[in-house]
Amino acid sequence: MIRPTRRAALLGTMAALPLPALAQPRFPDRSIRLIVPWTAGGPADLGFRIMAEVASRRFGQPVVVENRAGAAGTLGALALQEARPDGYTISQMHVGVVRQMLLNPRPPYDPINDLSYILQITGFVMGLVVRADAPWRTLDELLAHAQANPGRLNFGSLGTGSTQHLVVERIGLARNLSWTHVPYRGTADTLRALLGGEIDFASEASGWTPLVEAGQLRLLTTYGTQRARRFPNVPTLQEQGLDIVVDSPGGLIGPRGMDPAVVAVLADAFRAAAQDPAHLAFLERMDQPLMLLDGAAYREQMRRTMEEERALLRRLNLMPA
């Protein structure tokens, strides 16, 4: 039997303990919202939907994908500025989240310090595609046509200031070419516009893979360090005399100030989901590399990327005054 004085002391000690020490709720105990800042149907959307399904089984709670397309893919990062840092709202991350804040004269967030970096997952193979019935069979032929017809060609990408957009602008600078950019809300929209004849060529991520394999589109070049595994006969930009290399890693972020333990739970689940056979098969189909990095390393890489992007935008005269 506990004496009254000891009981009072014990109750006083328990009352003084912080609530988490008495009952730490399991994470997650409800659904997680995963924002994908692109339209449904593109490679980023499809890959993250596969991982969300796998992670849902691991958590025992649904991971609900919410598409928020527009604003060059920054609507996910913007939504995180208003979200609680409890791990129940997370977003797909990409290089444009950094770049768009450099392009904005009054950036609404700091892409390095106002986000929690959870996990880098994969890179994106990107390239330039034309319709199968287009007259250009090589990149040199397309560029020669652009040289002879300044300003006449239209090209599409998923948004002004996106990686896909800036690659073409860099090509134009290198070869003294001019053309017209038409921004779209996502890869699927861009490719539909290309197939429909609204634009002459598209600079996009590997959502074009099935259409190229089906003979509807022709891939003229890819932007990475090496040739795409599925298209070994298609040269890179570097192989065609252009000193341009683009590897575009993507991953997961959350609001600033997340509990490291919650970050670890999310990272572990999505790391396992990224290596699930269903997701690996998707990456193989899209020719995307798996590029896993933990949150700290991912944040440091994005910090270096921000400085590189700043220098590039200055060379392209795109930095705000």
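The model is predicted, with local features needing pLDDT of at least 70, side-chain atom pairs counting only at pLDDT 80 or more, and totals for chains, interfaces and linings using all residues. Residues are numbered from 1 along each chain as its sequence is written, and side-chain values use heavy atoms, leaving out hydrogens and water.

**View 1. Helix α3 covers residues 43-59.** Helices here are DSSP runs of H or I, at least four residues, numbered from the N terminus. From first C-alpha to last, α3 reaches 24 Å, close to the 24 Å expected for its 17 residues at 1.5 Å a residue (1.5 Å times one less than the number of residues). Buried residues (under 20% relative accessible area, 1.4 Å probe, protein chains only) include Phe48, Met51 and Phe59. After α3 comes Gly60, with a positive phi near 75°.

**View 2. α3 packs against α10.** Axes are lines fitted to C-alpha atoms over the stretch in contact, and angles run from 0 to 180 degrees between N-to-C directions.

**View 3. Asp259 caps the N-terminal end of α10.** A side-chain oxygen of Asp259 lies 2.9 Å from the backbone nitrogen of Ala261. Further along α10, Leu266 and Phe270 are among the buried residues.

**View 4. Gln100 sits in helix α5, residues 95-103.** Gln100 counts as buried because its relative accessibility is 13%. Leaving aside residues up to four places away in sequence, Gln100 touches Ala72, Thr74, Thr160, Gly161 and Ser162.

Notes: Buried < 20%, exposed > 50% of the residue type's maximum accessible area, 1.4 Å probe, protein only. Helix = DSSP H or I, 4+ residues; strand = E, 2+ residues; numbered from the N terminus. Polar contact = N/O pair within 3.5 Å; in protein donor to acceptor, adjacent residues only side chain to side chain. Contact = heavy atoms within 4.5 Å.
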